[in-house]
Each structure stands twice: as structure tokens, then as C-alpha cells.
Amino acid sequence: ETTSRYSFSRADFKSLFKIRSWRYLVLNETLTKVSLSVFTGWNFTFITGLDLKTPFFYIVLFVVFLGMVVGNILFGWLGDRLDQRFSGRGRILMVQIGLVVQVLALVGYLTSGGGNVLKLVLFALLAGSSYTSSSEGAVWPVAHAVLPPELRGRHRAIVSMVIGAVSALALYLSSFTADSMGVSAALLLFVPGLIFLSIFAWIPMFRSYPNDRNALHTLLTQRREDYLEQES
């Protein structure tokens with residue numbers, strides 16, 4: 001009799017946009033995911049241009065994705081611990097620090113050249129692992145902490161559509177930059193450049209996230225009380 005109150009409707013779009021933290025999440029996920037799309041699209045071309053010997057070519061590629069695997073486990077675990085100890089802001093701070101490290105690691109990776117393979121590999125490992133500080137395992141728990149259950153699937157759908165559209169546009173524009181300025185310049189502009197913007201876009205979350213999280217807790221508590229009253 002009451003499930004219709006918790007199902008999705010068109011009016012819920014307005015509810016999503018009223019949640020300030022959700023708007024910041026969409027912006028930040030777009031910036032970081034679009035940067036990854038451009039990085040993935042041009043990284044093979046970039047490494048080929050370094051004229052590395054065949055074994056080192058594959059080692060660098062492997063290390064980037066190895067860093068992502070390790071980082072997903074590490075930052076997923078670390079984010080949960082920080083969220084428990086510093087409720088409301090621990091995970092947000094972790095994401096922001098990870099973004100700073102990622103910008104520095106990517107700039108080092110894209111400017112180190114192929115002369116020092118060890119240096120290139122270390123930057124590749126650091127860039128891959130630090131990226132995951134703002135990937136799904138770290139960021140989606142933030143979304144779940146501010147969105148009612150019936151809106152969480154819609155959140156993922158909207159974010160995926162926005163990221164897909166903007167990524168396609170960014171890849172298209174990066175091709176012109178690569179033709180005119182070179183692949184390295186295109187990567188520097190569209191990868192660490194976008195992530196650098198995300199560092200500042202996360203700042204408002206320190207204020208909005210605790211408020212939106214408390215608002216959701218209040219809402220779910222009220223729903224629980226309503227349910228128990230009906231059961232009794």
C-alpha cells in the first residue's frame with residue numbers, strides 16, 4: 001500500500017537536482033572519467049612515440065592497469081575506514097588528496113620521456129593507483145550516503161549517460177589538439193588538466209556532504225518509523 005511512495009517518478013528528477021552533493025558528484029565523476037577515456041584512447045600512441053623496446057612497452061602498460069587493480073582494493077578499504085572514523089568528511093578528504101597525487105603523477109608520467117624506464121614505470125604505477133581514489137569504489141559510497149534507495153540506480157544511469165556523451169566530445173577535441181600540438185600536449189591538457197579542475201570542484205563537498213548525509217538519515221529513520229507503525 002505504501003511502496004508507491006518509494007518508487008521512481010519523473011518528479012524524482014527534481015529531487016535529484018535539489019541534492020547539492022549529487023550535483024557535485026556528477027560534475028566530478030564526469031571530469032575524472034572523461035580524463036580516463038582520453039588517457040586510455042591516446043596512451044598507446046603516447047608510449048609508441050617513446051620508442052621503448054618491446055618488453056618495456058608492455059611493462060609500462062601493464063603497470064598502469066596493475067596500479068588500478070591494487071588501488072581499487074586499497075582505496076575502497078581505506079575510504080570505508082576513514083568514513084567510519086571521520087564521519088562525513090574522511091572519504092571526501094581521501095578523494096581530494098588522491099586527485100592531487102594523481103595530477104602530479106600524470107604530469108611526471110607524461111613528461112618523463114623514455115630515457116629513464118624505471119622513472120616512467122614508477123610514475124605509471126602511481127598514476128594508475130591514485131586514479132582509483134576517485135573511482136567507483138571510492139565515490140559511489142558517497143552517492144549512496146546522500147541518495148534515497150529508489151534514486152541510486154537512476155544516479156548511475158544519468159552519470160553514465162553524461163560521461164559517455166562528454167567523453168566522446170573530449171576524444172574528438174583531443175584529436176585536433178594531438179594533430180596540432182602533439183599527443184603529449186593533448187594528454188596533458190585533457191588528463192591532468194581535467195583532474196586539476198576536479199580538485200577544486202570537490203571543495204564544496206566538505207560542507208554539502210555532511211548536511212545531505214544527515215538529511216538522508218532523517219528521511220530513512222522516518223520511513224522506518226512509518227513502517228513500524230503500520231506493522232503494529
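These exercises work through the packing, aromatic pairs, salt bridges and surface of the structure above.

The model is predicted: local features need pLDDT of at least 70, side-chain atom pairs count only at pLDDT 80 or more, and totals for chains, interfaces and linings use all residues. Residues are numbered from 1 along each chain as its sequence is written, and side-chain values use heavy atoms, with hydrogens and water left out.

**Exercise 1. The core**

Task: Find which residues have the most contacts inside the largest nonpolar core.

Solution: 
- Start with the rule. A nonpolar core is a set of buried Ala, Val, Leu, Ile, Met, Phe, Trp, Tyr and Cys residues joined through side-chain atoms within 4.5 Å. Buried means under 20% relative accessible area, exposed over 50%, and partly exposed in between (1.4 Å probe, protein chains only).
- Apply it. The largest core holds 61 residues, and Phe46, Ile47, Val60, Tyr109, Leu187, Trp202 and Met205 have the most contacts inside it.
- Locate it. Helix 2 (residues 20-49) gives the largest share, eleven residues. Helices (H or I, at least four residues) and strands (E, at least two) are DSSP runs, numbered from the N terminus.
- Look at one member. Leaving out residues up to four places away in sequence, Ile47 touches Leu52, Phe57, Val60, Leu61 and Tyr109. Contact means heavy atoms within 4.5 Å.
- In soluble globular proteins, nonpolar side chains tend to be buried together.

**Exercise 2. Aromatic pairs**

Task: Classify the ring pairs Phe46 with Tyr109 and Tyr172 with Phe176.

Solution: 
- Rings of Phe, Tyr and Trp (its six-membered ring) pair if their centres lie within 6.5 Å; planes under 30 degrees apart count as stacked, over 60 as edge-to-face and the rest as tilted. The count is five aromatic pairs.
- Phe46 and Tyr109 have ring centres 5.5 Å apart and planes at 50°, so this pair is tilted. Phe46 sits in helix 2 and Tyr109 in helix 4 (residues 90-111), 63 residues apart. Both Phe46 and Tyr109 are buried. Together with Phe39, they form one aromatic cluster.
- Tyr172 and Phe176 have ring centres 5.0 Å apart and planes at 85°, so this pair is edge-to-face. Both lie in helix 7 (residues 149-181), four residues apart, about one turn of the helix. Tyr172 is exposed at 51% relative accessibility, while Phe176 is partly exposed at 46%.

**Exercise 3. Salt bridges**

Task: Trace the salt bridges of Arg91, then that of Arg223.

Solution: 
- A salt bridge is a side-chain nitrogen of Lys or Arg within 4 Å of a carboxyl oxygen of Asp or Glu. The count is five.
- Arg91 bridges to Asp80, with the closest N and O atoms 3.0 Å apart. This pair joins helix 4 to helix 3, eleven residues apart. Arg91 is buried at 4% relative accessibility; Asp80 is partly exposed at 32%.
- Arg91 also meets Asp83 in a salt bridge, at 3.9 Å, N to O.
- Asp80, Asp83, Arg91 and Arg213 are linked in a network of salt bridges.
- Arg223 meets Glu150 at 2.7 Å, N to O. Arg223 lies in helix 10 (residues 205-231) and Glu150 in helix 7, so the pair ties together parts 73 residues apart in sequence.

**Exercise 4. Pro192**

Task: Determine whether Pro192 is buried or exposed, and list what it touches.

Solution: 
- Pro192 is found in helix 9 (residues 192-201).
- At 4% relative accessibility, Pro192 is buried.
- Not counting residues up to four places away in sequence, Pro192 touches Val103, Leu106, Val107, Leu110 and Leu187.
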